[in-house]
Structure formats: C-alpha cells, structure tokens
Amino acid sequence: MTGMARYWIVGLLAFAILLGWMALREAGQIQNYGQVNLGEKPHPVEAELSPKLSPGVSLRQPLEWDRLVGAPMARHYANQAVCLSVYMATHGGSARGGQLQMTLEQDEVVLGTSQLAFDQLQDLRFESFCFDDLTLGEVYGQPVDMVIQATQGVETAAPSVYFDRAVEGAERVTIGNVTHPSHGIVHRLQIKRDAAQAQFSAWFILAALALLGAVVLTTRTDD
Amino acid sequence: MALKAAPGRHLFLVGLSMSSRWASISTALLVAILATYMALFVTPLGDTPDESGHYSYVHDIANGTVFPLFGEAKMTSGRWGYDVERWGEDNRSNYMAQHPPLFYAVATIPYLLADQLTDGKWWISRAPRLVSALSLGLLVFVLFKNLTLIGLDAPRAAIGSVAITLVPNLLHLSSGTTNDVFLLLLCAIATLYFTQFILRHQISAAYWCAFWLTLAGITKMNAWVLIAPFVAIMVFELRGPFKHWLTHSVGVSLLALAGPLWWMGRSFYHHGSPFYRSGSEVDPRAGLGSSSFTELLGDWPVMEWLFGHFLGLIGFSGYCVTPELREFCTGIRMTQIYGFSREAFTWVLLGTLIIFALFLLVLVYQALRRKTRNEPAWGVSVQSFIAVRLPLLPLKWGLLGALLIGGTAYSVIIFISSGVPAQPNGLLQLLSMSAPPMLAALALGLLFFPQQATSRLALYAPIIFLFFGSILLYQIYIGYLILGYPSATQGRYLFPILPLLVVAFGVAVQALKVPRWVLAVGFVLLVFGLANAYLDQIIPFYIESQV
C-alpha cells in the first residue's frame with residue numbers, strides 16, 4: 001500500500017467517524033420531530049436560573065393558554081397529545097442520576113405525568129415533557145398548572161430551568177410556597193404527531209451526503 | 001490536464017479520463033437524486049420564494065397562454081392547497097409574470113408529462129420542480145468540466161464543483177419551482193465557453209458563450225448584469241485584424257443581447273419601459289427612506305442579511321397554502337440558517353478569500369519581477385495591446401496603486417459603516433463581505449500587466465463580481481428609498497456570477513498548488529454544515545409550518 005493510499009484511508013476513516021458522531025448527535029433531534037412547537041419560540045428578556053431541582057424543590061406555574069397558542073390553532077390540534085418543553089440548564093452537563101417530573105394539575109387533581117431522566121437532558125436546550133394520554137382539546141383553556149419537581153437525584157448533580165424575569169400576566173412561578181410575580185418558567189407548548197416521513201427524509205439526507213462525500217473524497221487523480 | 005485538445009470539436013463531446021468521467025457523472029447524479037428527493041418529499045409546496053407565482057406561470061403556458069402578461073396574469077386558483085370552493089377564484093396578480101419565459105417554458109414539459117401520465121395533483125404540483133433539481137445535478141457536471149479545463153486534477157475539480165451545491169440555499173432552491181437554479185446552470189454553461197474562449201481564443205466558443213448568455217437573458221433579468229461584462233471582456237480579448245475584430249465583436253454582442261433586447265422591446269411595448277418590473281414605476285424620491293447609503297448600512301443589517309440570505313433563506317408560504325392552516329395565515333414564514341452551518345460556511349468563505357488574495361499577491365510579485373508574459377501571439381487584441389505593447393510601467397504601477405487605494409476605501413467604508421453583526425463570528429462574515437472591492441481593484445490593476453490566460457480569467461471574476469454586487473447594493477438602496485426598509489437583500493441574486501467565481505478559485509488553487517487535504521477540510525465542513533442545517537433547522541421548520 002502506498003503512502004498516499006494510507007493517507008486517504010485515514011482521511012476516509014476520519015470522515016466516517018465524524019459522520020457516525022453526527023448521526024448519533026442528530027438521532028435525538030430526529031426522534032423529536034414528532035413534537036411540533038405551537039406558537040412563537042420564547043426569547044427570554046432577562047434570563048435567570050431556577051434553584052437546582054433536587055427532591056423537595058418544586059416549581060408551580062399556571063399555563064397561560066392565550067399566549068401559548070391561539071384558539072383556532074388549538075381547535076385544529078385538539079385531538080393531538082400535548083407536550084410542554086422547558087428551557088433547561090444542566091450546569092455544563094453535571095446533572096446526572098436523577099429523575100425530573102412534570103405534572104399537569106387542575107384544582108390539585110393530576111391530569112397527566114411525564115418524566116425525564118437527568119442524563120437525557122441537554123444543556124441550554126428545550127426538553128419536552130409529553131403527556132400521551134392527554135389531548136390539547138382536553139386541557140386548552142382550562143386553569144391548569146404545570147408542576148416541575150425531581151423525584152430522584154441529589155442537589156449537586158441536579159438541573160435547573162430558566163426563568164424569564166420580565167414576564168407579564170399569569171405566568172408567575174411559585175417556588176415551594178413563595179410566589180415570584182416577575183418570574184416565569186421559559187416554556188413552549190407542543191403537540192405530538194406522526195413524523196415518520198420527515199424522520200425518514202432526515203436519514204436519507206444524511207446517507208446521501210455521506211455517499212456524496214465519500215465519492216468526492218475518493219476521486220482519484222487522472223492517470 | 002484532463003481535457004484532450006480537440007480544436008473545432010464541441011466542448012461537451014471532448015473526452016475526459018476515466019476517473020474524471022466517473023467523478024463528474026457520479027457526483028452530478030448523486031446531487032440530482034438528492035435535489036429530486038427534496039423536491040418530491042421534503043420541501044413543502046409553496047415554501048420556496050414566490051413558488052405560487054412561478055407555478056402559475058408554468059400553468060398558464062401549459063394551458064395555452066404562452067406569454068402571460070404582467071399586470072393581467074393571475075395566480076392559478078386550482079393550484080395546490082387552494083380550495084376554490086372554499087375561497088373562490090384567486091384574483092391576485094401574478095407578479096412573477098414580470099420574468100422572461102424560458103424557465104417556465106422548459107418547466108412546462110414535465111408539467112405536461114405529469115398531466116398526461118398521472119391522474120393526481122400530487123405529481124403535477126411537483127413536476128416543474130424537477131427542472132430545478134436536474135439543473136443542480138447538471139451544474140455539478142458543467143462546473144467539473146470547467147475546472148478540469150483550467151487544469152485542475154479530478155479530485156480537486158470534484159471538490160470544487162460539488163462544494164457550491166452544499167450551500168443550503170442552493171439545495172433549497174433546487175427543490176422548488178423557481179428560475180434561480182436553472183439560470184445558474186445556464187450561466188455556468190456560458191462560463192464554460194467563456195473559459196474556453198479566454199484560454200484558446202476559439203471564436204466559436206465566444207459565439208457559444210453569447211448563445212447561452214442570451215438564453216440566460218430570457219430566463220431572468222439579473223442575468224443581464226452578467227451579459228454586459230462578459231461581452232465587454234470577450235470584445236476586449238478578441239484577437240485578429242480590425243475587420244475580423246469588428247465583425248465578431250458585433251456578432252457576439254448582438255447574439256448575447258438578442259434575448260434581452262427582445263424582452264426589453266416587449267416590456268416597452270406593453271408597459272412603456274424596457275426595464276419594467278414590479279415596483280419599478282415608483283419614484284424613489286417620493287418614498288419612505290431618506291438616509292444616505294452609508295447610513296442605511298449602519299441602520300439596517302444589510303450586509304449581515306445578504307450573508308445570511310445567501311447561505312439560506314428557507315421557506316416562504318407553505319403555511320399559507322396548507323388549506324387546513326390557511327385561516328391562521330398571516331403572511332410569509334421564512335428562516336435563516338444559524339448555528340454550525342453558518343459557522344462552517346463563514347470559515348470556508350474566509351479561507352477561500354485568503355487563498356484568492358494570496359494568488360493576487362503572487363501575481364503582484366511576478367509583475368514586479370516582470371516574470372509574466374502573454375502566451376504566444378494569437379494576434380493583437382485590446383487586452384494584449386494594453387498589457388504587452390504599452391511600455392508605460394510607471395503609469396501602470398501608479399494606476400494599480402490608485403485602484404488599490406480606491407478599492408480599499410470602498411471596502412473600508414462598507415466594513416465601518418455596517419454595524420457590528422449580532423451573529424457569532426459576525427465580524428469575520430462582514431470582513432469577507434467587505435473584501436471584494438479591494439480584491440477587484442487589485443485584479444483590475446494587474447490586468448494592465450502581461451498575464452497568462454488562466455490568470456486573466458481569474459482576474460476578471462472579482463471585477464465582474466464587484467460590478468454585479470454594486471448594482472445589487474444600488475437596487476437595495478433604491479428599494480430602501482421607496483419602502484423605508486432594505487428589500488431585495490437576496491443572496492440568490494448573485495447566482496449568475498457564481499460559476500466564474502468557482503473557476504477563479506480553481507485557478508488560484510492550481511497556481512498556489514493548494515494541497516488536496518486543505519480543500520477536503522473545507523469540503524467536509526460544508527457537508528456537515530448542510531446536514532446540520534437540514535436536520536436541525538430546516539426539516540423542523542417545515543414540520544412546524546405544515547399540518
């Protein structure tokens with residue numbers, strides 16, 4: 001094997017490893033295609049971290065439906081399962097070994113529960129809590145609170161959520177028993193839908209680009 | 001060199017070596033397949049710019065209105081997503097009828113085939129998109145031929161020809177019914193013959209170039225901005241006795257201008273102005289904007305938008321043409337590309353500019369050492385007369401210095417006037433966007449000295465780009481005076497000049513013997529940037545825009 005051939009085999013191997021890494025990195029994102037955001041993405045004006053969410057710390061905040069999505073759109077998606085995504089901080093990836101839970105409650109009755117492991121969370125990303133048995137139509141317009149708390153974990157390895165300090169209206173958070181009128185959890189409303197076609201397309205694009213890259217990078221010099 | 005010398009033979013029939021043939025065909029095929037998949041299954045109908053209007057133009061031709069008239073043409077009521085029973089006839093004017101008809105005439109072919117061979121709207125709505133998708137594949141093939149023509153080996157030519165298609169905006173536009181990528185292909189073919197003419201001075205190549213330019217001129221009016229400098233340079237380079245020079249200068253000019261002249265005449269006949277288009281009748285002085293051009297750059301992120309919109313301005317009105325969501329429609333929905341893709345493109349563009357700037361500095365050094373000379377005499381041309389026969393070296397150096405000062409001032413004004421961009425690495429992006437006047441001035445100065453044909457080809461590129469870019473900035477400024485905000489900040493308007501820029505970069509790569517691994521690193525960055533753009537942003541954007 002010539003030195004040049006070895007050189008290119010190493011190069012191609014590096015390309016393949018990079019592709020593999022990218023596929024792994026994107027897999028979670030592609031999986032999330034089934035969760036569709038409704039309404040505009042929140043842009044925190046004065047972002048601030050919540051206390052670390054270890055067992056015993058709970059955040060409660062009423063949902064302001066009008067801000068999350070308009071009534072016609074909510075009617076349109078009334079039969080879809082509902083999700084709420086929250087802007088998370090894992091403190092540089094240090095959140096490990098616990099379980100975060102979100103419940104939707106109406107008059108202290110739990111309508112739905114969703115859990116995420118600390119290890120699943122990514123820093124500075126919206127993470128989705130989905131309620132497969134609860135449709136948007138069942139909760140839209142109702143006085144519903146979202147409650148976030150950890151069911152397992154320790155404070156030193158617990159995540160936080162982001163607050164926006166400049167909230168208006170009903171979106172004020174209660175930490176434990178204390179209500180903070182100017183603090184609201186940064187969150188979005190989502191619905192779940194079938195995204196198999198989009199997921200297939202994503203993998204198709206990645207495969208096609210991998211093949212294209214391999215063909216280009218292995219093109220030989222003219223004899 | 002991959003190209004076998006075959007004087008008199010048609011350029012597309014000239015053979016390539018086996019590896020070149022394999023590389024060009026396989027990469028072109030893969031790109032075409034990817035773009036076709038996007039057109040059929042990924043990009044929602046209506047989500048490339050003005051697709052409703054472009055589609056309606058095709059529909060009109062397919063139904064017998066060969067030249068729909070701007071002002072009278074309407075949007076097609078029965079197009080995708082438009083429910084005539086629910087919303088009645090769509091009486092909106094089709095402002096896309098301001099465009100010349102060639103793309104639409106070609107797109108009518110797959111439209112009619114789909115109409116004959118299928119029984120549903122699914123295929124008919126998407127069939128015209130195939131022209132754009134196939135154009136992108138053919139673009140790779142044509143660029144590859146062009147890069148091997150200037151002497152690049154197959155591996156470097158493959159990287160250069162495919163890299164441009166990895167800009168998310170190109171793949172996005174190639175998946176829609178729009179004339180931009182088809183126009184880019186026509187300009188690439190014209191550039192291929194332009195290259196052949198500059199390198200070999202075959203008069204037939206000049207006529208072929210003019211022929212493809214005239215076709216570009218009846219595809220979209222911004223091609224006219226390319227035709228003028230291309231023709232001027234061909235006349236500048238044309239060799240031979242005066243009568244021969246005059247005859248062919250007139251012949252090439254007339255052929256290149258035939259298409260645009262026809263369209264100008266038609267516009268004048270119907271609208272009273274040869275350059276008539278949507279909004280062109282408005283007097284800028286009566287508009288809403290009042291700042292100077294430099295104030296405009298400071299008040300609005302014009303250069304940042306141009307950069308972002310060249311990289312990718314995704315979406316349009318898919319949300320509004322989905323019947324179930326139409327009641328929520330509040331206008332167009334578009335997004336730029338952010339994150340890794342933007343970062344990767346920033347570094348690749350900067351690297352490209354550095355390589356080209358180094359190439360220009362090498363030419364300056366060679367001019368200082370008087371190492372360059374024109375190739376063997378092909379006869380006298382205006383170019384060779386100025387470069388070789390005028391022994392006014394002090395004047396030439398003075399001129400080069402003056403041009404460089406002027407170009408640098410132009411660059412500095414753009415850089416300083418523009419506010420600090422908000423995006424990560426925004427200053428690097430602004431630096432790249434501000435560099436062309438300086439590079440073009442240096443290139444123009446170098447043309448007064450004897451240069452190899454490939455070098456001259458590369459020197460023409462930044463000059464034409466500056467011409468093209470300055471007219472675009474002027475149009476943006478006029479739009480601002482009328483509307484009160486900068487419109488037309490569309491990177492795709494620069495498409496016609498892209499092939500020559502790719503070729504010029506190829507010349508620099510060849511001259512500096514840039515290692516293949518350097519190009520490979522840039523290429524891999526673009527591959528991952530494109531994947532990231534689609535997987536992380538574009539597909540989620542489409543999902544949110546559609547039912």
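Modeller: Before we start, the radius of gyration used here is taken over C-alpha atoms, and the globule rule is 2.2 Å times the number of residues to the power 0.38. Please also keep in mind that this is a predicted model.

Biologist: Fine, so what radius of gyration does chain A have, and what would a compact globule have?

Modeller: Chain A has a radius of gyration of 22 Å, whereas a compact globule of 223 residues would have one near 17 Å. Along its principal axes, the C-alpha trace of chain A spans about 80 × 45 × 30 Å.

Biologist: How is chain A divided into domains?

Modeller: Domain 1 of chain A is made of two stretches, 1-35 and 194-223, while domain 2 covers 39-192. The centres of these two domains, taken over C-alpha atoms, are separated by 36 Å.

Biologist: How many helices and strands does chain A have, and what share of its residues is buried?

Modeller: Chain A has 5 helices and 13 strands, and 33% of its 223 residues count as buried. If you take the contacts in chain A between residues at least 6 apart in sequence, 81% of them join residues at least 24 apart.

Biologist: Switching topic, how many residues does each chain give to the contact between A and B?

Modeller: Chain A gives 34 residues to that contact and chain B gives 37 residues. On the side of chain A that touches chain B, the elements giving two or more residues are α1 (3-31), β1 (35-38), α3 (71-76) and α5 (196-217).

Biologist: Which of those gives the most?

Modeller: That is α5(A), with 15 residues. By class, the side of chain A that touches chain B divides into 21 nonpolar, 9 polar and 4 charged residues.

Biologist: Now chain B. What are its domains?

Modeller: The domain assignment of chain B gives domain 1 (22-178), domain 2 (183-281) and domain 3 (344-512). The C-alpha centres of domain 1 and domain 3 of chain B lie 31 Å apart, and the contact between these domains takes 11 residues from domain 1 and 13 residues from domain 3.

Biologist: Which elements of domain 1 take part there?

Modeller: On the side of domain 1 of chain B that touches domain 3, the elements giving two or more residues are α6 (129-149), α7 (154-163) and α8 (168-173) of chain B. The largest share of that side, 3 residues, comes from α6(B).

Biologist: And which residues touch the most other members of the largest nonpolar core?

Modeller: They are A190(B), C209(B) and A504(B), out of 226 residues in that core. Helix α22 (residues 516-545) of chain B supplies the largest share of this core, with 18 residues. Leaving out residues up to four places away in sequence, A504(B) touches F356(B), L457(B), A458(B) and A461(B).

How values were computed: Residues are numbered from 1 along each chain as its sequence is written. Chains are lettered from A and ligands numbered from 1 in the order in which they are written. This is a predicted model: local features need pLDDT of at least 70, side-chain atom pairs count only at pLDDT 80 or more; totals for chains, interfaces and linings use all residues. Two residues are in contact if their C-beta atoms, placed from the backbone, lie within 7 Å. Helices (H or I, at least four residues) and strands (E, at least two) are DSSP runs, numbered from the N terminus. Ala, Val, Leu, Ile, Met, Phe, Trp, Tyr, Cys and Pro count as nonpolar, Asp, Glu, Lys and Arg as charged, and the others, Gly among them, as polar. A nonpolar core is a set of buried Ala, Val, Leu, Ile, Met, Phe, Trp, Tyr and Cys residues joined through C-beta atoms within 7 Å. A residue is buried if 20 or more other C-beta atoms lie within 10 Å of its own, exposed if 12 or fewer, and partly exposed in between; C-beta atoms are placed from the backbone. Domain bounds come from an automatic or database domain assignment.
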